[in-house]
Amino acid sequence: MLNNIEIDIDTWPMIPTYVEFEGDSEENIIKAIEELGYKKEDIITYGVSKIYMHYGLDIDAYQELKFENEA
């Protein structure tokens, strides 16, 4: 947490790990990002489906997502 902004490290199968910011407003999220030394231009505002699309994957094409070492 940083100034009521939740910061998570998200790991999903088949895509790189990324940092997610969640908060009550975009303005407060931008303030937290800037406090960490980044600019608004450094971020993207994608949901999980669009993140998969960013990497050329259609999440809806998979019935089940698994990490490689899962059975």
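Modeller: What follows is a set of questions and answers about this model, which is a predicted one.

Colleague: Which residues of helix α1 are buried, and why are they on the same side?

Modeller: An α-helix has 3.6 residues a turn, so residues three or four places apart point the same way. In this model the buried residues of α1, which spans residues 26-35, cover an arc of only 160° around the axis, and that puts them on the same side of the helix. On the other side of α1, E27 and E35 are exposed, whereas the buried ones are I29, I30, A32 and I33.

Colleague: Which strand is included in what covers those buried residues of α1?

Modeller: The cover is judged by contact, that is, by heavy atoms within 4.5 Å. By that rule, what covers the buried residues of α1 includes the strand made of residues 18-22, namely β2.

Colleague: D10 is buried, so how far away is the nearest side chain of opposite charge?

Modeller: D10 is found in strand β1, which runs over residues 6-10, and, leaving aside residues up to four places away in sequence, D10 touches T17, Y18 and E20. A salt bridge would need a side-chain nitrogen of Lys or Arg within 4 Å of a carboxyl oxygen of Asp or Glu, and D10 has no salt bridge.

Colleague: How are the rings of W12 and Y52 arranged?

Modeller: A pair of aromatic rings is described by the distance of the centres and the angle of the planes. For W12 and Y52 the centres are 6.3 Å apart and the planes stand at 85°. Planes over 60 degrees apart are counted as edge-to-face, so this pair is edge-to-face.

Colleague: N4 is not a glycine, so what is its positive phi, and is N4 buried or exposed?

Modeller: N4 sits in the segment before β1, and its phi is positive at about 65°. Its relative accessible area is 66%, and because a value over 50% counts as exposed, N4 is exposed.

Conventions: Residues numbered from 1 in each chain as written. Predicted model: local features only at pLDDT ≥ 70, side-chain atom pairs only at ≥ 80, totals over all residues. Heavy atoms only, no water. Helix = DSSP H or I, 4+ residues; strand = E, 2+ residues; numbered from the N terminus. Buried < 20%, exposed > 50% of the residue type's maximum accessible area, 1.4 Å probe, protein only. Lys, Arg positive; Asp, Glu negative; His and termini not counted. Arc of directions from axis to C-beta. Phe/Tyr/Trp six-rings, centres within 6.5 Å; stacked < 30°, edge-to-face > 60°.
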